[in-house]
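Student: I am new to this structure. Please walk me through how to read it.

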Amino acid sequence: MVLDMPERTVLAAGLNHPLRLTLAAELHARPFVRLSAPACVSHLAIHGENGGAPDERILSTLCARFGVAGPRPGAQHFFHDFGAFRLKWERHTEFCTFSFIEQGVSGEAFAETPMRHVPRDWLEALSGQVIVASHILAEQGDAYELDNPRLRRIFPAPLLVGSRVLAGGELWTDLQVGPDGFSRFLLRDTGLREMQLGRIVQRICEIETYTLMALLALPLARDHASRLTAIEADVTRLGLQMQAAGDSADEARLLQDISRLAARVRSMSFDSGYRFSAAQAYYRIVRDRIGELRERRIEGVPTLGEFMARRLAPAMDTCVSVAARQEALANKISRSNDLLRTRVSIAQEGQNQRVLERLSHSAAMQLRLQQAVEGLSVVAVSYYGVGLAAYGLKAVKGWGAGLNVDGLIGVVLPLVLGATWFGLRRLRHRLHGQTAVQGG
C-alpha cells in the first residue's frame, strides 16, 4: 500500500510581517568565527569622532586596497577571506570593530601577527580613533602553571589575569598596552570542543572593547564631581543669603543666581546623561561575557572576573554616584528655586494688596469729593434756575400783572432746589448703571 505524502504548505511571501525576515536574520548576523589553534587574531575597535560609529568608508578603503568588493551602504557586519588573513567587521552604536584573523602562525609568540598584512598608511589614517587594540594568540598544548618560563617571556610585567575557561581552555594576560600599542592575550587550547575557541576569542574581544567603552564615562564623572563640589558650595552660600534676604530686590537677585545654577546643573546632566547610561549598559555586557567564560581559578593569580570586580566595578560605582549626586543637586536647586519664587510671589501679592488699598482709599476720597461737588452743583444750578425764574416774573410784572415777585421767588426756590437735586441724582444713577453694564 502506497501512502500519499501530505501536501507541503508554502507560506506566501505577502503574509509575512515587513520586518520578519530582517529580524530573523539579525539573530544570525554575528556568528562566531570558526578557529583552530594555532591562530592569531588582531582586534581593533574604532571610536567615532562625534560619538557615533564611523561609517563603512574605512572598511571600503581597506577592501579597495586588496581588490575586494566592500560592504553595501548601511551594512552592519562584513566577513571576507583576503587570502593572507580573514577579516570580520562589525558596526555598533558608538564604534566599529575590525578582527584580522590568521591561521597557522608559528615561531615566537606574537612575533608575527595579522597586522603585518595591513597597509601602514591605512592604519595611520585611523589616528586618534583607536579605542582598543589587542592581539589574541590561540595555541594548543598542555596547561601552564604560573611559574612557566614561557609565560615570563611573553608577559614581562606581573601577570594580572589567569584562569581556566570553558573546561578546556586557559587564558593569560597582563592587560598592559605594549610598546606596539597592542595588549596581549594568550589563549591555550587544552581540550576545547569545536567552535569553543572562536567563542572564547570573540568574548575576549567584546570584554576588552566594552570595558574601555564603559570607562569613557570615568573622566567625565571625575570632571563633573569637581564641578558639582563648586556648585554645592554656591548653593549653600545662596541658602544662607536667602535666610538673610531683607527686601524684594535681594530676593530677585538671589532668584537670578539660583536660576543660573539650575541651568548649569541641567546642562551638565544633558551632557553626561547618555554617557553614564551607556557606561552601565556596557558594564552589564562585560559582566555577562565574563560569566559566559565560566572561569576557574588558577592559584596565585586572579581571574578576569575578579580583576574587573576590583578595578572596573569601582569606576562604574563612581559614575553612578556622580549621576545620582547630579540629580540630587538638581532637585535641591529646583526646590530652593520654588521656595524663593514663592517668597517673591508672596511679597508681590503684599505689594499688590497695598496698592489696591491705596486705590480703594483714593476712590473713597474721590467719592466724597464728588458728593461735595454734587452738592455745590445743586446750589449753583438752583441759583441760576431761580435767577431765570426771577427774570421771567419781572417781565410778567412789567406787562402790568400785579405779582409779588419776591414772594413768588421764595416759593419757587425750594421747588427748583428739589428738582435740581432729583435730576442730578437720576443722572448719576443712570451713568453708574451704564458703566456697570459695560464692565460686566
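Tutor: We begin with a pair of strands. E7 (residues 169–173) and E8 (residues 183–189) pair in the antiparallel sense over five bridges. Leu171 has Leu187 in E8 as its bridge partner. Strands pair if DSSP finds at least two bridges between them. Strands (E, at least two residues) and helices (H or I, at least four) are DSSP runs, numbered from the N terminus.

Student: What should I know about the model itself?

Tutor: This is a predicted model; local features need pLDDT of at least 70, side-chain atom pairs count only at pLDDT 80 or more, and totals for chains, interfaces and linings use all residues. Residues are numbered from 1 along each chain as its sequence is written, and side-chain values use heavy atoms, leaving out hydrogens and water.

Student: In what order do the nine strands form the open sheet?

Tutor: The order is E2-E3-E4-E1-E5-E8-E7-E6-E9, with mixed pairing. Strands E2 (77–81) and E9 (296–297) stand at the edges with a single partner strand each, so one side of each lacks a neighbour in the sheet.

Student: How many salt bridges does a search of the whole structure find?

Tutor: Side chains of opposite charge can pair when their charged atoms come close. A salt bridge puts a side-chain nitrogen of Lys or Arg within 4 Å of a carboxyl oxygen of Asp or Glu. The search finds 21. One of them joins Arg116 and Glu102 (2.7 Å, N to O). Arg116 sits in the loop between E4 and helix H3 (120–124), and Glu102 in strand E4, 14 residues apart.

Student: Is Glu102 buried or exposed?

Tutor: Buried means under 20% relative accessible area, exposed over 50%, partly exposed in between (1.4 Å probe, protein chains only). Glu102 is buried, at 9%. Arg116 is partly exposed, at 42%.
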